[in-house]
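Subject: Structure for you to look at

Hi there,

Here is the structure I promised to pass on. Please open it alongside this email, and my notes follow below.

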Amino acid sequence: MDVAINLLVNGLATGTLIFLLASGLTLIFGLMSVLNFAHGGLFAWGAFAGVWLFGVTDSFLLAIVGAAVIGMLLGFVLERVLIRPVYGDHIQQLLVTLGGMLVISELLKVFWSPNPIRAGLPDYLQGSIELGDIILITYRLFVIAVGIAVYVGLHLLLTRTRLGLIVRAGVIDKEMVQALGINIKQVFTFVFLLGAGMAALGGSLLAPYSGVIFAEMGMQYAILAFIVVIVGGMGSVQGSMIAALLVGVLGSFMAYFVPELSLAVNMLLMLAVLLIKPSGLFGAKG
Amino acid sequence: MTTSGLLNHRFILFVFLSLAVLPFLSDSRSLYILFTQIFIFAIFAMSFDLLLGYTGIVSFGHCMFFGIGAYSVSLFLKNFDASIGYFLLGVLVAIMLSGILSYVIGMLSLRLKSHFYAMLTLAISQLLFVLAEKWRSLTMGGDGFTFPVPELFRDRLSFYYVCLLLMVMLFVILRAFTRSPLGKVLKAIGQNEQRAEALGYQILHYKVIVSIVAGVVAAISGGLYAVMLRFVNTQVFSIETTLDALLMSMIGGLGTLFGSILGSGIVELAHHGLTELAKLHPIFERWVIFLGLLYILVVLCFPSGIVGSFQEWREKRKQRSVQAATIVEPVE
């Protein structure tokens with residue numbers, strides 16, 4: 001029983017990290033139908049920036065906030081330089097953002113090092129909490145808490161604010177929103193920054209979680225995020241939340257019980273969803 | 001239009017013939033290897049161009065077929081006998097595996113919008129990458145393994161000609177393919193999918209066919225690549241392999257098979273040059289940055305590549321001279 005709970009907590013923590021990455025991806029896609037292949041690069045930048053800032057400032061909170069800000073700045077540059085010129089052309093967007101991914105993940109090696117870097121934790125997040133037989137690792141609970149906070153914040157932003165209303169309307173009918181006199185491009189820039197910030201935050205939280213970070217991790221996690229976006233349904237934040245948790249939990253249980261299958265489980269999940277409901281669990285569009 | 005300028009038959013023939021006499025001008029082994037690599041990647045890039053340039057399908061995992069070709073040839077040559085027979089058997093197995101895999105992926109995702117195919121291929125190629133890393137008893141993981149190659153391929157010069165011949169042959173075959181009625185439908189799909197569908201074409205059917213052809217040709221190039229290196233490791237399944245094909249066909253000009261050959265030459269020579277420069281300054285060790293920047297510039301500024309831009313320029317000049325002629329006429 002305690003094994004099951006531990007695995008569940010592990011899975012939920014991983015799922016939360018994937019959610020932070022995938023929700024930005026799906027928001028950007030849902031609103032402006034831009035599939036940003038450089039998203040994983042922002043995640044990796046978040047990880048490196050987080051570790052670096054933690055080393056410099058010695059404050060973990062400052063490090064993760066700073067990482068998110070760096071991610072947003074990078075996202076701003078990406079949006080202006082790469083995505084602005086290719087609105088409306090899917091193939092161009094796919095190609096140009098993939099090029100962006102290449103450049104920013106290689107830049108990581110220039111600024112830091114081509115070798116893996118170790119990531120540490122502050123004292124107050126180390127250790128574990130014991131509840132009877134169950135041992136819960138503090139940091140994983142912290143990750144889950146941050147994830148819940150971000151989800152709730154995003155949910156409130158989307159459902160309770162005028163900006164959220166515009167974003168949601170833009171997802172459904174971009175032209176109509178524009179016809180009402182709202183500058184959808186500005187809204188898009190904002191959403192892009194938000195997505196980039198969330199990805200970088202996810203990266204900075206992941207660093208101590210996995211212990212070691214390396215420049216190629218962006219692509220690795222980007223693929224997980226793509227799987228989540230497909231499974232959850234393109235453009236659905238709720239879908240990506242549920243799919244991310246599903247991928248996380250499934251992965252952690254598989255790694256424990258059937259390790260040979262753990263690599264393929266996400267793939268199989270995606271293939272099953274593509275076969276049964278190609279638009280994803282919560283997707284409307286095909 | 002397609003027979004004008006850079007795509008002139010005479011020009012293409014000239015390029016192929018000069019490549020055939022090149023070994024008579026120099027006997028540098030490293031030059032042979034460099035050009036052999038160009039030919040092999042030209043085959044790979046042509047197969048990619050069938051997808052993206054002709055049909056408008058974006059694949060981010062094209063390396064999976066390249067890698068399947070590389071591994072199946074290497075495994076046959078290593079575990080059995082280094083003979084031409086086992087090389088051909090390896091290629092045959094690679095062709096079958098790639099055919100089946102591309103069929104399954106195509107049926108699963110090509111009925112959806114283009115980004116599904118892009119993501120699915122990326123995901124599956126990464127899965128193969130991980131598989132090759134973990135299945136150490138077969139692949140030796142990231143360390144890879146060396147293997148003996150057949151007698152004929154051991155000589156760098158004869159292998160040069162084998163690859164050149166294969167490239168020219170595949171160029172001719174693929175050109176016939178793209179000019180066939182089937183190829184015309186592919187081009188129509190690439191230009192306007194809805195219209196092609198409205199004309200009554202089963203576009204899924206055509207897309208799956210082209211993805212199978214592209215997969216099979218890529219597998220052949222992968223097999224040759226492994227023989228050239230006499231070594232294989234998981235690098236063949238990395239995203240950079242796919243990007244090479246992407247960059248080559250984009251720089252040369254999408255939708256022009258000859259452009260892929262040209263692009264392969266440019267990228268390989270540039271890569272070679274940048275690696276040489278790394279001896280001068282360490283920044284060139286991160287040559288992927290330059291590659292990425294070049295790639296972004298091509299996508300944003302020269303989306304039609306060298307061959308495409310040249311054709312556009314010629315078209316414009318022709319139109320201008322036609323215009324000039326019509327203006328002059330009434331005066332006479």
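A residue counts as buried when its relative accessible area is under 20%, as exposed when that area is over 50%, and as partly exposed in between. By that cut-off A:S23 is buried, because its relative accessible area is 0%. Please keep in mind that this is a predicted model.

Let me stay with that serine for a moment. A:S23 sits in helix 1 of chain A, which covers residues 2-32. What does A:S23 touch once its neighbours within four places in sequence are left aside? The contacts of A:S23 are then A:M198, A:V237 and A:S240.

Now for chain A as a whole. The chain has eleven helices and four strands. Its C-alpha trace spans about 60 × 45 × 35 Å along the principal axes. The radius of gyration of chain A is 19 Å, which agrees with the value near 19 Å for a compact globule of 286 residues. Of those 286 residues, 56% count as buried. If you take the contacts in chain A with a separation of 6 or more, 77% of them come from residues 24 or more positions apart.

Next, the aromatic rings. How many aromatic pairs are there over all chains? The count comes to 36. One of them is the pair of B:F41 and B:Y225, which is edge-to-face, with 5.5 Å centre to centre and 70° between the planes.

B:F66 is buried, as is B:Y225.

Back in chain A, there is an aromatic cluster to look up: A:W45, A:F48, A:W52, A:F111 and A:W112 form it together.

Last, two backbone angles. Most residues other than glycine have a negative phi. A:D58, which is not a glycine, has a positive phi of about 65°. A:D58 lies in the loop between helix 2 (39-57) and helix 3 (60-83) of chain A. A:D58 counts as exposed because its relative accessibility is 63%.

In chain B, the residue to check is B:R230, whose phi is near 55°, again a positive value in a residue other than glycine. You will find B:R230 in the loop between helix 11 and strand 2 (231-232) of chain B. With a relative accessible area of 24%, B:R230 is partly exposed.

Happy browsing, and do write back with any questions.

Best wishes

Note on methods. Residues numbered from 1 in each chain as written. Chains lettered and ligands numbered in written order. Predicted model: local features only at pLDDT ≥ 70, side-chain atom pairs only at ≥ 80, totals over all residues. Heavy atoms only, no water. Helix = DSSP H or I, 4+ residues; strand = E, 2+ residues; numbered from the N terminus. Buried < 20%, exposed > 50% of the residue type's maximum accessible area, 1.4 Å probe, protein only. Contact = heavy atoms within 4.5 Å. Rg over C-alpha atoms; globule rule 2.2 N^0.38 Å. Phe/Tyr/Trp six-rings, centres within 6.5 Å; stacked < 30°, edge-to-face > 60°.
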